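This report walks through one protein chain, from its overall form to single residues. Keep the view open while reading.

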Amino acid sequence: MAGFIEGKDRQEQLFLPECLDDYVAEDHPVRVVDVFIDELDLSDLGFTAAAATGRPGYSPATMLKLYLYGYLNQVQSSRRLEREAGRNIELMWLTGKLAPDFKTIADFRRDNGEAIRAVCRQFVVLCRKIGLIAGGTVAVDGSRFKAVNTRDKNFTPGAIRRRVEQIEASIERYLSMLDTADRQEDEVAEMRRDRLTERLERLRQQMRDLKAMERAVEAAPDGQVSLTDPDARAMATNGKGTGLVGYNVQAAVDTKHHLVVAHEVTNVGHDRTQLTNMGQQAREATGADELTVLADRGYFSGEEVLACDEAGIKAIVPKSLTSSGLKRGFFGKQDFVFDADRDLYVCPAGQELTRAKYRSDREGDIIFYRHLTACSTCELKPRCTPEKLRRIRRWEHEQVIDAMQARLDRMPDAMRVRRQTVEHVFGTIKDWMGRGHFLTRRLRNVGTEMSLHVLAYNLKRAIAILGAPELMKAMRA
């Protein structure tokens, strides 16, 4: 159409640049990928060397560059990477116009999982050396990521019970419809009876399959069976009815530049046992002698806080308020002041609750505190307890929890710092995944896939902070 910018004639001969290098700008991120991989000693990181006999294979450096470029540009599928390698000029420059088939690409990720995770850790070491990681404080959080396994292919006792009820209701409905068809004599009724009989047989077969699956679920160690990805597990999320089948990804993020210093993929649906693990990984990655770990209430566990304290890690986690009395309007434990020097609690009425006895259970020794006579005449008793006496439980190592609460009181913005440090990391990676699911199956392979996401995230952050030329200069140094 006239009046618009016109493109080139497809038959016109063009004078193109003489080499691929002219198509890639000097500060293009693809050059950072090239320098980073070339500066690594891939054999030390665990990649296999070239075969002595037979047809030569693709270099691990070439395959790693292909994958890292793909994850930087939201191209994670091996089939899509195969297509891009044959038409993308940046990839042609990066790989020397090599275009492996999708099976070769997928097999590389599957067979070199530990080495790929080592590359991710190596980039964290590089960031630490060039001063991008402070190492004094990290924020830890977990997020649920979908697996390739759908909810229909995941079985728990509750899911089986619901499906059995649905099938029983369907069978009853079809039997009623079959009775109605039996009372009719025409040809249409005969066809309807055949269809209903076929559907009833399918439902009865589904019922037999569910009974067999019920036995498999009972035999499973954690009471779950996933058919597509055996390691994926059903996990609850914050929204009602929004549970998913997937993995729980843990991440420790440095508060200076929001770089991920440690991560791990688990198939445990809660975070309560991950605080010490992630804290130790973060301290090892940052090389910090003293480390403060910020986490939300989901990580609160007395045993985990104690383990962090014994390991020299300062945990800051808000305590979970789980007392049923609070919901009924009674005073909570936080309303009672503990006097460590005198080993007693002072209640809201000013009475002193002294030590009663020990009780040993799986969580360690529990000490009870109470006042034998004051409760019966106390005016605040209706707001305190419906029982005869109010007793306060105190864990044997409660002083560790008290010290952590004191640190939290001195850092009132700790949870705000935690949120702005770690939560956007998960949001960014999920956006890069298209809000979809992991492409691989089994915990080991999913861990490799997550390491590629984290490596791409950290690399993009480092480029944004330093710029591509400075980052390449630091890599070569």
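## Terms and basis

Buried means under 20% relative accessible area, exposed means over 50%, and partly exposed lies in between (1.4 Å probe, protein chains only). By that rule Thr377 is exposed, with a relative accessible area of 66%.

The model is predicted: local features need pLDDT of at least 70, side-chain atom pairs count only at pLDDT 80 or more, and totals for chains, interfaces and linings use all residues. Residues are numbered from 1 along each chain as its sequence is written, and side-chain values use heavy atoms, with hydrogens and water left out.

## The whole chain

The chain holds 17 helices and 13 strands. These are DSSP runs, numbered from the N terminus: helices are H or I with at least four residues, strands are E with at least two. Along its principal axes the C-alpha trace spans about 100 × 90 × 65 Å. The radius of gyration of the chain is 30 Å, whereas a compact globule of 477 residues would have one near 23 Å. The radius is taken over C-alpha atoms, and the globule rule is 2.2 Å times the number of residues to the power 0.38.

How much of the chain is buried? Buried residues make up 44% of the 477 residues. The chain exposes about 26500 Å², and carbon and sulfur atoms supply 49% of that area. Accessible areas come from the Shrake-Rupley method with a 1.4 Å probe; for residues, only the protein chains shown count as cover.

## Contacts and charges

Contact means heavy atoms within 4.5 Å. Among contacts in the chain with a separation of 6 or more, 67% join residues 24 or more positions apart.

The chain has 73 positive and 70 negative charges, and their mean positions are 4 Å apart. Lys and Arg count as positive, Asp and Glu as negative; His and the chain ends are not counted. Each charge is placed at NZ of Lys, CZ of Arg, CG of Asp or CD of Glu.

## Helix α16

Helix α16 covers residues 443-466. Why does a span of 34 Å agree with its 24 residues? At 1.5 Å a residue, the helix should span 34 Å, and its end C-alpha atoms are 34 Å apart. The expected span is 1.5 Å times one less than the number of residues.

This helix is mostly covered: 17 of its 24 residues are buried. Gly467 follows α16 and has a positive phi, near 90 degrees.

## Residues in other helices

Ser78 belongs to helix α4 (residues 78-87). Ser78 is buried, with a relative accessible area of 10%. Beyond its neighbours within four places in sequence, Ser78 is in contact with Tyr67, Phe102, Ile105 and Ala106.

Glu168 sits in helix α8 (residues 157-182). Its relative accessibility is 44%, so Glu168 counts as partly exposed. Glu168 and Arg204 are 36 residues apart along the chain, and their C-alpha atoms are separated by 9.1 Å. Thr377 is in helix α13 (residues 374-377). Thr377 and Met411 are 34 residues apart in sequence and 40 Å apart in space, C-alpha to C-alpha.

## The loop between β5 and β6

Thr255 is found in the loop between β5 and β6. Thr255 is partly exposed, at 25% relative accessible area. Leaving aside neighbours within four places in sequence, Thr255 is in contact with Thr137, Val138, Ala139, Val417 and Thr421. Gln420 is 165 residues from Thr255 in sequence, yet the two are 8.9 Å apart in space, C-alpha to C-alpha.

His258 lies in the loop between β5 and β6 (260-266). Is His258 buried or exposed? His258 is buried, with a relative accessible area of 17%. Its phi is near 60 degrees, a positive value in a residue other than glycine.

## Two further loops

Thr237 is in the loop between β4 (233-235) and β5 (244-254). Thr237 is partly exposed, with a relative accessible area of 29%. Its C-alpha atom is separated by 9.1 Å from that of Ser143, 94 residues apart along the chain.

Asp343 lies in the loop between β9 (337-339) and β10 (344-346). Asp343 is not a glycine, yet its phi is positive, about 55 degrees. Asp343 is partly exposed, with a relative accessible area of 26%.
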